[in-house]
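Good morning, and thank you for coming. Please look at the sequence and the model on the screen while I take you through them.

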Amino acid sequence: MLRLANRRIIVGVTGGIAAYKSAELIRRLKDQGADVRAVMTAAAQEFITPLTLQALSGNPVHTTLLDTEAEAAMGHIELARWGDLILVAPASADFIARIAHGHGNDLLTTLCLAARCPIAVAPAMNQAMWAAPANQTNIQKLKEMGIKLFGPAEGSQACGDVGPGRMLEATQLADMAADLFPSNILTGKRVVITAGPTREAIDPVRFISNHSSGKMGFALAEAARDAGAQVTLISGPVHLATPERVQRVDVVSAEDMLKAALERVPQTDIFIATAAVADFRPQQAPDHKIKKQDNSGTMTLTLVENPDIVATVARQQPRPFTVGFAAETRDVVNYARQKIARKNLDMIVANDVSRSDIGFNSEQNAVTVIWPQGQQTLELASKSQIARDIVALIAQRLPKP
Ligand code: C5P
């Protein structure tokens with residue numbers, strides 16, 4: 001299982017004989033699906049070359065803080081923000097002392113100061129150095145700072161001693177890194193989400209649309225990504241930034257949205273339709289601006305029905321686990337149950353749009369998630385929280401492989 005899919009890990013390597021094991025560690029992290037960047041201290045480069053770690057990580061290796069070229073490529077603050085975890089392995093006694101005292105005198109210590117993500121260190125040193133009171137005081141400080149300690153293990157050491165101070169093996173470290181990420185419930189799954197409104201052209205300058213903000217769909221994209229899924233967001237015109245590590249496909253009309261969805265169905269495990277698709281489109285959209293023609297005071301626009309995207313996806317064979325949304329103003333659950341049957345869905349998320357505190361442009365939502373044999377109400381909460389809960393319910397109801 002790819003327990004680290006979508007995760008970005010900065011592997012810090014400091015000077016110690018166990019540095020040779022960081023090559024293996026990078027491989028194990030990548031095996032679990034992580035994107036890895038290595039940061040080496042000057043001393044680390046005496047034990048293993050940046051070229052080795054570059055080849056294994058598939059990314060440039062970061063070695064210096066005060067280098068204009070390296071900073072231009074990816075500055076230290078940008079790198080600190082990039083990581084979901086900084087894992088320093090091996091961590092020497094000197095490095096541990098420097099972060100315990102808040103130093104920022106090389107790239108790796110500076111990253112640890114700038115990081116908002118968790119930091120884990122895997123100490124590796126001679127057993128007497130490990131036991132030294134100064135080192136033990138520093139280790140205590142690291143724990144108080146919330147830095148995670150991976151190991152050390154006990155056993156025979158490169159110097160011939162036996163005792164605590166050995167770095168844990170690469171597979172153990174990769175597993176412990178994966179354990180730090182709470183949710184892997186959609187690992188390896190491919191999720192496609194439609195979001196926002198569609199725009200249906202009347203002529204080149206006018207259109208029919210609605211007030212959908214796209215917030216619920218974008219929140220679901222983030223939640224599915226955080227649960228380990230590979231996410232594609234097919235979005236109508238909205239004013240929202242693309243969530244990181246989510247592939248976004250911009251579309252305008254319902255027909256464009258259907259085409260983008262159907263292209264992806266064969267490679268999709270879960271399809272979630274949050275888009276507020278326009279039910280109708282003008283039958284004709286001339287390629288010139290329509291002029292006011294007479295003084296009758298009226299204008300007739302002939303509309304034709306748009307395809308139902310989620311129902312069309314649900315008719316494909318094989319089809320993804322298909323989830324729809326239902327905005328209702330009364331008898332919410334009953335109407336949503338009818339919709340689940342009519343559109344042949346696996347799940348529907350119903351919300352009561354007659355309430356003024358939730359819905360289209362709001363940051364919050366409250367919904368009832370319904371599937372053929374059951375339902376669960378999710379009380380008023382942020383759209384991010386509702387999205388996480390919906391993702392958890394989807395994961396529970398997915399057919400077991
Ligand atoms: O039928 P109604 O529009 O109420 O259904 C809402 C659900 O169907 C939502 O999941 C919406 O994204 C989806 N839908 C669609 N294509 C349409 C209309 C609605 O995918 N043309």
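Predicted model: local features only at pLDDT ≥ 70, side-chain atom pairs only at ≥ 80, totals over all residues.

Residues are numbered from 1 along each chain as its sequence is written, and side-chain values use heavy atoms, with hydrogens and water left out.

Let me begin with the overall picture. The C-alpha atoms fill a box of roughly 95 × 50 × 40 Å along the principal axes. The protein has 14 helices and 19 strands. These elements are DSSP runs numbered from the N terminus: helices are H or I with at least four residues, and strands are E with at least two. Of the 401 residues, 50% are buried. Buried means under 20% relative accessible area, exposed means over 50%, and partly exposed lies in between, using a 1.4 Å probe and protein chains only.

I now return to the salt bridges. Side chains of opposite charge can pair when their charged atoms come close. A search of the whole structure finds 18 salt bridges. In one of them, the closest N and O atoms of Arg8 and Glu244 are 2.7 Å apart. This pair links distant parts of the chain, 236 residues apart: Arg8 is in strand S1, whereas Glu244 is in the loop between strands S11 and S12. Arg8 counts as buried at 14% relative accessibility, and Glu244 is partly exposed at 47%.

Another salt bridge joins Asp226 and Arg225, with 3.1 Å between the closest N and O atoms. Here Arg225 is buried, at 11% relative accessibility, and Asp226 is partly exposed, at 37%.

A further salt bridge is formed by Lys259 and Glu263, at 3.6 Å from N to O. Why are these two separated by about one helical turn? The reason is that they are four residues apart in helix H11, which covers residues 254-264. Lys259 is exposed at 55% relative accessibility, and Glu263 is partly exposed at 46%.

Next, the pockets. Rolling a probe the size of a water molecule over the atoms shows where empty space is left. On a 1 Å grid over the protein atoms alone, a pocket is an open set of points where a 1.4 Å probe fits, with protein on both sides within 12 Å along at least five of seven lines; lining residues have an atom within 4 Å of a point.

The largest pocket holds about 760 Å³ of space. It is lined by 35 residues, and those closest to its centre are Thr274, Ala275, Ala276, Val277 and Phe325. Which strand gives the most to this lining? It is S16, with four residues. Helix H10, helix H12 and strand S17 are also among the elements that each supply at least two residues.

The second largest pocket has a volume of about 360 Å³. Its lining has 20 residues, and Ile17, Ala18, Ala124, Met125 and Ala158 lie nearest its centre. Helix H1 and strand S7 each supply at least two residues of this lining.

Finally, some details of the backbone. Two cis peptide bonds deserve a mention: Ala89 to Pro90, with omega about 0°, and Gly151 to Pro152, with omega near 10°. Pro90 is in strand S3, whereas Pro152 is in the loop between strands S5 and S6.

Asp331 has a positive phi of about 45° although it is not a glycine. Asp331 lies in the loop between S16 and helix H13, and is partly exposed at 46% relative accessible area. Asn344, likewise not a glycine, has a positive phi near 60°. Asn344 lies in the loop between H13 and S17, and at 43% relative accessibility counts as partly exposed.

Note on methods
Points joined across faces, edges and corners; volume = space filled by probe spheres on them. Salt bridge = Lys/Arg side-chain N within 4 Å of Asp/Glu carboxyl O.
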